[in-house]
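Welcome! Please take a moment to look over the sequence and the structure before reading on.

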Amino acid sequence: MQNIYEQIHELEGIPGLSKHEQFVQGIINAINSKLLSRGDALPAVNNLIGELGFARETIAKGYKELVERGIVTARNRQGFFVSSDDTGQQLKVALLLFAFDTFHETFYKTFRAGLCDNRQRNVFFHHNNIEVFESIVATVKGRYGMYVVAPIPHPKTKEILKGLPMDKFLMIDRYEPLQAECSYIVQEFGESSYKAFTALAATIRKFDEMIFYYRPSTDTPIEILKAYKRFIKDHKINGVIKTEYQPGTVAKGKVYYTINNTELWAILKDCVEKKLVPGKDVGILSHNDDVVKEIICNGITTYSTDFKLMAEKAAMFVLNREKIQEVLPTVLIRRKSL
C-alpha cells in the first residue's frame, strides 16, 4: 500500500491541483505504473485519511469519481477494488508544439486520428519562447496521463522537463538531452541538411549565388546553419546568409533557401510579379514538405521528415506506452523549383 500512497504524495504542491484531483490521478498513476491490477483492493477510507491527511469528503468524492469512470468498483462492506487496469479510455494527453504551422497541423490531425475519440487531447503552443514553455509545463504537470512535447533548444529545458514523469513522456520533432532517459520520435537536422544540399550541388552551381535566410531568434535549428556553412565551403558554392527576405528583392540567377513558410510565399509572389520561373530563372529550396509545396508553382523542392509517420508513431506510443527511441529519416523531394 505504501507505493500507492507515494503515487498520491508525488502530486503534492502542483499549482492548481486540488486534493480531490491529486487523489484520483494518484490512483490512476498507480494503476498505470502496474502497482495496482484488476481485482486488487484499494486502501480503506480511514487509512487514506490517516496517511494523507485528506478530509473524509475528499476521499469519498475521489472514490465516487473513480467508480463512475469504471476504474474502481465498490463492494458492500468489503471496500473498493480496481475493476479495470485499462485507464486508456480516461487518458488525458497534453500535446505541446512549437506553433500551428502547416507541418504541425499535419502532425496534430494524424495524431488525433490515431487516438480513440474518448481520449482527451489538449494542445498547447510555446512559440519557441522559453518563459511560455516553462509556464505551460508547470500548468500541465500532474494533470495528464501522457505528455507529448516538442522541446526548445535552451539551457533551461532540461530542468523544466525534469518534473514530468519520464514513463509518461514522449519527446517529438527535435531531440534535446534530458537528465533521465526518455522515449522520443525525432528528426535529425545537421547531416540530413548537408546530404540534401550536396545532392543538389550540381544544380545549385548553375546559378550565380545561393541565399539562406536564417533567423537566430526563431526555432530554426542551428545544426542547419552549420550544415549550410560546411556545404558552401566544401563545394565552393557562392553562398550568403541573410536574416530575412525583403519583399521585392527576388532576382534572376539566385537560389533561395528558407525554412519559414511566410517568407517562401513572399518569394514566390515576387517571382510571379517579376515573371521569374522557379527552376529556370531562380532556384527555390524549402524545408518541411506539405501538400501546398507539392502543387504551387509546379512544385517546390523540399527536404523533410515524414510528420504523418511521426504522428502515427506518437499515437501508438500513447496507446501502448511501449518505450521508443527513433530518429526518423529525412528525404529530399526534388521538384521543378530546383
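What follows is a short tour, from the whole chain down to a handful of residues.

This is a predicted model, in which local features need pLDDT of at least 70 and side-chain atom pairs count only at pLDDT 80 or more, while totals for chains, interfaces and linings use all residues. Residues are numbered from 1 along each chain as its sequence is written, and side-chain values use heavy atoms, with hydrogens and water left out.

**The chain as a whole**

- The chain has 13 helices and 14 strands; helices (H or I, at least four residues) and strands (E, at least two) are DSSP runs, numbered from the N terminus.
- Along the principal axes, the C-alpha atoms fill a box of roughly 85 × 35 × 30 Å.
- The radius of gyration of the chain is 25 Å, whereas a compact globule of 338 residues would have one near 20 Å. This radius is taken over C-alpha atoms, and the globule rule is 2.2 Å times the number of residues to the power 0.38.
- Of the 338 residues in the chain, 49% are buried. Here buried means under 20% relative accessible area, exposed means over 50%, and partly exposed lies in between (1.4 Å probe, protein chains only).
- Among contacts with a separation of 6 or more, 65% are between residues 24 or more positions apart; a contact means heavy atoms within 4.5 Å.

**Surface and charge**

- Tyr63 sits in helix α4, which covers residues 56-68. Tyr63 counts as buried because its relative accessibility is 1%.
- Beyond neighbours within four places in sequence, Tyr63 is in contact with Phe23, Leu42, Pro43, Val45, Leu48, Val72 and Phe80.
- Tyr63 and Glu51 are twelve residues apart along the chain, and their C-alpha atoms are separated by 16 Å.
- His20 belongs to helix α2 (residues 19-32) and, at 13% relative accessibility, counts as buried.
- The side chains of His20 and Glu65 are joined by a polar contact of 2.6 Å. A polar contact is a pair of N or O atoms within 3.5 Å; within protein, one must be able to donate a hydrogen and the other to accept it, and residues adjacent in sequence count only if both atoms are side-chain atoms.
- Leaving aside neighbours within four places in sequence, His20 also has Thr58, Lys61 and Gly62 among its contacts.

- Most residues other than glycine have a negative phi.
- Asp173 is not a glycine, yet has a positive phi of about 75°. Asp173 lies in strand β6 (residues 169-173) and counts as buried at 6% relative accessibility.
- Asn298, also not a glycine, has a positive phi of about 65°. The place of Asn298 is the loop between α12 (291-295) and β12 (301-305), and with a relative accessible area of 60% Asn298 is exposed.

- Ala199 is in helix α8 (residues 190-199) and is partly exposed, with a relative accessible area of 45%.
- Ala199 is in contact with Leu332 and Arg334, leaving aside neighbours within four places in sequence. Although Ala199 and Leu332 are 133 residues apart along the chain, their C-alpha atoms are separated by 8.4 Å.
- Lys308 lies in helix α13 (residues 307-320) and is partly exposed at 45% relative accessible area. Not counting residues up to four places away in sequence, Lys308 touches Thr106 and Thr110.
- Pro278 is in the loop between α11 (261-273) and β11 (283-287), and is buried with a relative accessible area of 14%.
- Pro278 touches Leu268, Ile284, Cys297, Lys336 and Ser337, not counting residues up to four places away in sequence.
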